[in-house]
Amino acid sequence: LVAGLGTMGRSHALAYHRNPAFDLVGLVNRSAPRLDPELREYEIEPGFEQALARLKPDLVNISTHSDSHADYAVMAMEAGGHVFVEKPLATTVADARRVVDCARANGRKLVVGYILRHHPSWMRLIAEARDLGGPYVFRLNLNQQSSGPTWEVHKALMQTTPPIVDCGVHYVDVMCQITDAAPVEVRGMGLRLSDEIAPDTYNYGHFQVLFADGS
């Protein structure tokens with residue numbers, strides 16, 4: 001069962017549809033999405049809880065907005081399903097712990113989608129960097145330009161997921177794999193550079209992580 005049919009949810013749904021090892025039993029979305037021709041054979045379930053009860057999936061893919069991840073994951077695991085959830089696992093530490101505790105209590109598998117851990121280019125980068133030996137300086141600028149329909153998508157995303165959470169977590173994860181050292185200090189800031197986004201969020205982030213090995 002795939003919940004959420006935005007960019008990532010549609011990609012996952014297509015992958016399941018094309019892979020004979022999977023039996024895609026249903027799709028969940030709050031509104032009627034524009035679906036790829038291959039996915040039009042599936043009925044869109046409007047409610048997540050109802051879909052769990054009716055379809056009883058073995059595996060649930062959660063690709064919805066971040067503020068629903070924790071609740072959906074818990075519901076899915078309590079209904080008997082294993083869970084793949086797009087990052088972030090939750091929007092608070094307490095909710096993340098609640099999801100992990102639920103997985104352990106119910107004996108369910110829980111996987112958070114960190115695509116760069118499986119991307120050949122990034123796997124090679126990490127291996128080459130580790131061979132050089134630390135300490136390391138890892139610097140990345142990601143200036144994601146957004147306009148037109150894409151800006152509407154990003155504005156909706158930023159209601160629950162600011163840029164550091166949406167993209168930055170990937171690169172922190174890469175840094176941690178390269179160094180193997182413990183992070184000892186984190187500095188950062190978020191800036192609101194548009195009047196079109198929610199007043200309590202930001203669309204520009206900047207941060208530094210200092211590691212125990214001097215990286």
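The chat below covers helix packing and then strand pairing.

Me: Before we start, what kind of model is this?
Reply: It is a predicted model.

Me: OK. At what angle do H2 and H3 pack?
Reply: About 15°. H2 covers residues 48–55 and H3 covers residues 69–78. Their axes are 10 Å apart.

Me: Why call H2 roughly parallel to H3?
Reply: Because the angle is about 15°, and angles under 35 degrees count as roughly parallel. That makes H2 roughly parallel to H3.

Me: Is the crossing of H2 and H3 left-handed or right-handed?
Reply: Right-handed.

Me: Which residues meet there?
Reply: From H2, Phe48, Glu49 and Leu52. They meet Tyr72, Met75 and Ala76 of H3. By class, that contact has five nonpolar residues, one charged and no polar.

Me: Switching to the sheet. What is the strand order?
Reply: S3-S2-S1-S4-S5-S6. The sheet is open, has six strands and pairs in parallel.

Me: Which strands are at the edge?
Reply: S3 (44–45) and S6 (110–113). Each of these pairs on one side only.

Me: How many bridges join S1 to S2?
Reply: Two. S1 spans residues 2–3, S2 spans residues 27–28, and the strands run parallel. In one of the pairings, Ala3 has Val28 in S2 as its bridge partner.

Me: Back to H3. Which strands does it lie across?
Reply: H3 lies across S1, S4 (59–62) and S5 (82–86). Relative to S5, H3 runs at about 165°.

Definitions and conventions:
Residues numbered from 1 in each chain as written. Predicted model: local features only at pLDDT ≥ 70, side-chain atom pairs only at ≥ 80, totals over all residues. Heavy atoms only, no water. Axes fitted to C-alpha atoms, helices over the stretch in contact; angles between N-to-C directions. Helix = DSSP H or I, 4+ residues; strand = E, 2+ residues; numbered from the N terminus. Parallel < 35°, antiparallel > 145°, perpendicular 65-115°, else oblique. Left-handed = near helix turned anticlockwise from the far one by under 90°. Contact = heavy atoms within 4.5 Å. Nonpolar A, V, L, I, M, F, W, Y, C, P; charged D, E, K, R; others polar. Pairing = 2+ DSSP bridges.
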